[in-house]
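Trainee: Could you show me how to read helix packing and ring pairs in a model?
Mentor: Let us look at one together.

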Amino acid sequence: MNGPLFNPPRDGGMDGADAQTMAAVRSMQMLMESCPGKTAVSGVMGFALGGAFGLFMASMQYDTPLSTNPNAQAITSLPLRQQLKQGFRDLGSRSYSSAKNFGKVGAIFAGTECCIEGFRAKNDLKNGVLAGCITGGVLAAPAGPQAAALGCAGFAAFSLAIDSYMRRPSETD
């Protein structure tokens with residue numbers, strides 16, 4: 001295994017830096033191969049991506065004319081400093097909300113898929129479809145059984161589409 005973090009010694013011996021690097025690489029591999037590690041990393045990465053996405057989407061709302069916003073008169077009557085403060089507070093709350101949702105979806109899906117893969121002892125499309133179904137069902141369950149069934153079907157179909165695309169052979173193979 002060669003890479004930017006791991007270069008095996010050329011003479012067959014190991015000095016302190018190489019042994020330390022190998023230990024760090026081994027511990028990262030063990031973390032990423034464990035279900036709790038995958039779940040945590042997916043949740044954190046989903047939180048970061050959701051925060052960026054939420055910030056972008058919330059900033060697009062202010063691109064529309066103020067006349068379409070029902071609170072426009074109240075906002076425009078405030079001094080500029082208060083308008084900016086209120087706008088940034090809104091951006092932050094929307095970004096945080098989106099980050100929590102993306103993090104939750106990422107953690108639930110990754111943890112479920114890892115558990116299913118460990119239980120089945122196979123790595124195929126079925127794991128992602130089952131994990132998508134469970135994730136969609138769990139997230140939509142508070143809205144009732146019909147919503148849970150639709151969430152299950154929707155997430156499973158999306159997961160199948162993404163996994164099928166990602167697993168297809170490349171043109172160079």
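Predicted model: local features only at pLDDT ≥ 70, side-chain atom pairs only at ≥ 80, totals over all residues.

Mentor: Residues are numbered from 1 along each chain as its sequence is written, and side-chain values use heavy atoms, leaving out hydrogens and water.

Trainee: At what angle do the axes of helix H2 and helix H4 cross?
Mentor: Two packed helices are described by the angle and the distance between their axes. Here the axes of H2 (residues 35–61) and H4 (residues 80–120) come within 6 Å and cross at roughly 150°. That makes H2 roughly antiparallel to H4, a term for angles over 145 degrees.

Trainee: How many aromatic pairs are there?
Mentor: A pair of aromatic rings is described by the distance of the centres and the angle of the planes. Rings of Phe, Tyr and Trp (its six-membered ring) pair if their centres lie within 6.5 Å, and planes under 30 degrees apart count as stacked, over 60 as edge-to-face and the rest as tilted. By this rule, the count is two. Phe 47 and Tyr 96 are edge-to-face, at 6.0 Å centre to centre with 80° between the planes, and this pair links Phe 47 in H2 with Tyr 96 in H4, 49 residues apart. Phe 53 and Phe 102 form a tilted pair, at 5.5 Å centre to centre with 40° between the planes.

Conventions. Axes fitted to C-alpha atoms, helices over the stretch in contact; angles between N-to-C directions. Helix = DSSP H or I, 4+ residues; strand = E, 2+ residues; numbered from the N terminus. Parallel < 35°, antiparallel > 145°, perpendicular 65-115°, else oblique.
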